[in-house]
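Please view the sequence and the structure before reading on.

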Amino acid sequence: MNVSDNNPILSGSAQSIAAYQDAIEQSSKAVVEWLKQPEMYQGKTVEQLRERINLNFTAEGLGNQATIERAVEYFLKDSLSVHHAQCVAHLHCPSLVISQAAEVLINATNQSMDSWDQSPSATIVEIKLIEWLREQVGYQAGDAGVFTSGGTQSNLMGLMLARDAFFARQGHSIQQDGLTGDLSKIKVFCSESAHFSVQKNMALMGLGYRSVTQVKTDVFSRMDAADLKAKLAQAQANGEQVMAIVATAGTTDAGAIDPLTEIAALAAEHQIWMHVDAAWGGALLLSEKYRHFLNGLELADSVTLDFHKQFFQTISCGAFLLKDARHYELMRYQAAYLNSDFDEEHGVPNLVSKSLQTTRRFDALKLWMGLEALGKKQYAEIIDNGVTLARQVAEFVSAQPDLELVMQPQLASVLFRFRPQSDDVAFVALLNQRIGDVLLASGAANVGVTEADGVTCLKLTLLNPTVCLKDVKVLLESVKQTAEQLLNA
Ligand SMILES: Cc1ncc(COP(=O)(O)O)c(C=O)c1O
């Protein structure tokens, strides 16, 4: 058979366009049916899914239609409904309709953000968005920054540039010569509640988990600036070298925002790079009510933002911002085929020199279209909604005799536990773990199970702006009923 008789490639031919339209229509119809499913999850177990899902790779292929049917049957129907009111376990958002439209454009055009000749208009859109994001943070005008796959990669960029700048000040180029000296003395400071990607990234960078010094947190999971100060003095006395302080604006569970201004003052005093992981809290950049929670963010040397959290963009969509563009020299690499001297001298922009990735998706389009479609006011409202709802839920939880509020909410999460009449900590922990498991297995709800101060608790991450207090009361009722069933079993 000649490939042109049955061309599988997206192109301008009439046959390809018809196949594209059929495939997209069939898929979007299936999505519509899936959206109408009342259940949050069909409840299949790991074993059931392993049993059910098989790979059907034949010599001749199934064709688009049958393949889409199989994907609907085996993937779509057993997907988690992230838009469901009872789906509140993680920083995992339902997505904007406009983000879906953006994905259609991103996917069909398949631009690659590494060089301008692979993404002419897209490169300019991304640069303009970076300029705009810098303005929101309070950085000077410029375009130092790039879209990333998310918080983990943005944190890696911040830590890597902090490390390389630290060594550069001592006349050593990590880029050229690699790690050197007594590495056991190199430290990064972050709070006990910082995201684990700090540890993972330090290990990846050859410095190990042991390079991470955890600073104590206060009762709201915020970094204790007095402990930071003491630990910095201690590090100095021990001959340790602190290459970065990572502050968090929106810790994963409590949504805590570290005291950014105080941390920045200590970082400046000790001439230490300050990176702020604002993967979650960065959403408040758009807020009218809560923007001030981020005061001090502009003092950071680098910032992580994540749009697939409370900006409601589809996965993946994040950004890294660098205060001083000169630091990008630390990761400069020229590849003749992408960012040659010739092109740079002739003003051809390229984003490969600002990114850890080479081939990269045009995720920036989603944020651009999101901001244009919703406008700043509606965007602010859907972000603020979660923060306000969390406060209402906390008040309600506090009034329930069998529920215990673990901490006052700061962003859009509520930490609490079911409290039976027992002081047995292990028993209460296991009961709460089981409540989460049973709710997911029943398909009724996905509630987070985590730890606060080392003790198991439940977590509601109330990002979804269509959820209201009434929905959360239904969920809390399910929590109570499940607890009673488990206690009576
Ligand atoms: C505070 C914080 N930073 C970083 C990350 C990692 O982000 P990503 O999953 O986009 O890599 C998360 C993920 O939840 C997070 O909560």
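The model is predicted: local features need pLDDT of at least 70, side-chain atom pairs count only at pLDDT 80 or more, and totals for chains, interfaces and linings use all residues. Residues are numbered from 1 along each chain as its sequence is written, and side-chain values use heavy atoms, with hydrogens and water left out.

**Lys309**

Lys309 sits in the loop between β6 (302–306) and β7 (318–322); helices (H or I, at least four residues) and strands (E, at least two) are DSSP runs, numbered from the N terminus. Lys309 counts as buried because its relative accessibility is 15%, and buried means under 20% relative accessible area with a 1.4 Å probe, protein chains only. The side chains of Lys309 and Asp306 make a polar contact at 2.5 Å (a pair of N or O atoms within 3.5 Å, one able to donate a hydrogen and the other to accept it; residues adjacent in sequence count only if both atoms are side-chain atoms). Leaving aside neighbours within four places in sequence, Lys309 is in contact (heavy atoms within 4.5 Å) with Leu91, Cys93, Ala279, Trp280 and Leu463.

**The sheet**

Four strands make an open antiparallel sheet in the order β8-β9-β11-β10. The edge strands each have a single partner strand, so one side of each is left without a neighbour in the sheet:

| Edge strand | Residues |
|---|---|
| β8 | 403–407 |
| β10 | 448–452 |

β10 is joined to β11 (residues 455–461) by five bridges; strands pair if DSSP finds at least two bridges between them. Glu451 has Thr456 in β11 as its bridge partner.

How values were computed
Buried means under 20% relative accessible area, exposed over 50%, partly exposed in between (1.4 Å probe, protein chains only).
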